Every structure is written in structure tokens, then in C-alpha cells.
Amino acid sequence: ISYVHALISIKNANSDRAISILQNSVNNDSNTNRLPQLYYLLGEIYLQRGQPEQSINYYKQFLKYQKGQNLLKDTNYKVGICHLLLNNSDSSQYYFDESRKISWAKNEADKNAKSNLESDITPNKDLMQIRYATDGGYYNNALNLLNNVDTTQFSKRDQTEYYYRSARINHKINK
């Protein structure tokens, strides 16, 4: 039931609430009863919070415990994103390649990872941070990142993304 409460909190852009629920579940469950998705969600939240090192740790725990195919493509892709944010291009490429090797993509997250990898366009780090911060409900952080990004070298695609993110954040904070 903790998983469901945390998932609802995340979907409602309230990741701070979700993190306490998830941390409590992870700390109190035995390894034999552990739900791998708890680690996946913690990885998501730490990515949203702009803490890629912690995110990587939780995503790797998910990969360790996950028995099925769900979210493997997305998790490897997100570990690659985390390494990209940490300026570890070799590690980032390694995890992007690992994600590409996984053919199974039946859920939305895995399909999205597949689509992003097929585009062969390296995501803009600033825009990724803004996106994840917004998704997690960290609007002030997202707005701060948005206001400090240098858009002069943005491609047309990234400019469009920038204006979309700006509008979305301002809408979320009622501006």
C-alpha cells in the first residue's frame, strides 16, 4: 500500500511526500519481500530533486532486484541521463547502449526511453534538469534553473522545449 501512496504522490508532483513513504518502506522491508519498484521510484525522485548520484544508487538497486522486463530499458536510460548530468560521458554512453540492447518496451516509460534513444539526439542537460524538477513538483528549483540557462546556443528544438517548460512551470506556480 505504501507503493500506491507514493505513486499517487509522485503523479501529483509531490515527490517530497513520496520519498518519506518510500524510504520508510525500504528501511522496514526484508530483502525477501522487497518490491523492486520502490527503488525505481526513489531513483525517479532523486533525479527530480537534482541528485543524480543518489538516483543512480537507487536505480541500480532496482536493476539488482527486478526479476521481470518492466522498466529495465527506462532504468538504464535514466542511469545514462544521471551520468550525463554528472558530466560522465563514457558512463552515460555505456548505459544508453545497455538500454538499446533491451528490446522489450511494453509500458509507457520503456517506450519513451526507446523513442528517446532512437532519436540519437543527446538530450540537453539543462532542459532535462528543468523537466525532472518540474515533474517532481520542485517548481522553485525548476524556475531557478530556467532563469539561469543560457539559451543562445540552443537548437530550434531546444528553444521550443525551453519555452514549453517555461510556460508549464509558470502555469504550475499560477503566474
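How many nonpolar, polar and charged residues are in the lining of the second largest pocket? Point 3 takes this up.

1. Basis. This is a predicted model; local features need pLDDT of at least 70, side-chain atom pairs count only at pLDDT 80 or more, and totals for chains, interfaces and linings use all residues. Residues are numbered from 1 along each chain as its sequence is written, and side-chain values use heavy atoms, leaving out hydrogens and water.

2. Beyond four places in sequence, Leu22 touches (heavy atoms within 4.5 Å) Ala6, Ile10, Leu38, Leu41, Leu42 and Ile45.

3. Second largest pocket. Its lining has eight nonpolar, eight polar and six charged residues. The classes are nonpolar (Ala, Val, Leu, Ile, Met, Phe, Trp, Tyr, Cys and Pro), charged (Asp, Glu, Lys and Arg) and polar (the others, Gly among them). Tyr77, Ile121, Thr122, Pro123 and Arg157 lie nearest the centre. H6 supplies the largest share of the lining, five residues.

4. Serine 92. This residue is found in helix H6 (residues 89-101). Leaving aside neighbours within four places in sequence, serine 92 is in contact with Gly80, His83 and Leu84.

Technical notes:
Helix = DSSP H or I, 4+ residues; strand = E, 2+ residues; numbered from the N terminus. 1 Å grid on protein atoms, 1.4 Å probe; cavity = no way out; pocket = protein on both sides within 12 Å on 5 of 7 lines; lining within 4 Å.
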